[in-house]
Amino acid sequence: LIRMVVNISKAHRVAYPKAPPLLIGDLSATEGGPLDHHHSHQNGLDIDVYYPRKDGKPTEPTSPSQIDVALTQDLVDRFVKAGAQFVFVGYQTGVSGPGGIVQPYPNHENHMHVRIYP
């Protein structure tokens with residue numbers, strides 16, 4: 001999972017050299033295990049990635065209006081291409097993708113939740 005995220009981050013950086021760095025939120029341990037308040041992150045397959053901001057600040061967006069939708073869509077597309085089982089995104093983000101993989105989900109207005117099988 002981590003190697004895949006690093007590769008996606010590097011490819012995204014090459015395509016958009018002025019984009020803010022990829023910010024990682026909750027991340028499953030390699031072999032899984034307990035993680036406070038996140039049962040889905042205990043399987044070793046899940047990662048939260050904060051949406052890039054329009055202003056380029058390397059912090060999480062506090063509202064959907066701060067999200068750089070084009071950069072976010074590129075990241076979502078890269079995760080889908082890499083084999084994501086699903087990508088949860090906020091309802092107000094303007095991000096889309098293949099049905100059943102990219103899914104609007106509550107409480108995801110500042111980050112995407114990605115599950116990738118090895």
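Buried here means under 20% relative accessible area, with exposed over 50% and partly exposed in between (1.4 Å probe, protein chains only). The model is predicted, so local features need pLDDT of at least 70 and side-chain atom pairs count only at pLDDT 80 or more, while totals for chains, interfaces and linings use all residues. Residues are numbered from 1 along each chain as its sequence is written, and side-chain values use heavy atoms, leaving out hydrogens and water.

Helix α2 covers residues 69-81, and its 13 residues reach 18 Å from first C-alpha to last, close to the 18 Å expected at 1.5 Å a residue (1.5 Å times one less than the number of residues). Its buried residues include L71, L75, F79 and V80. Among the elements covering them are α1 (2-15), β2 (46-50) and β5, contact being heavy atoms within 4.5 Å.

Strands count as paired if DSSP finds at least two bridges between them. F88 has H113 as its bridge partner in β5 and stands opposite Q103 in β4.

Strand β5 (residues 111-116) also holds R115, which is buried at 14% relative accessible area. The side chains of R115 and D46 are joined by a polar contact of 2.7 Å.

Key
Helices (H or I, at least four residues) and strands (E, at least two) are DSSP runs, numbered from the N terminus. A polar contact is a pair of N or O atoms within 3.5 Å; within protein, one must be able to donate a hydrogen and the other to accept it, and residues adjacent in sequence count only if both atoms are side-chain atoms.
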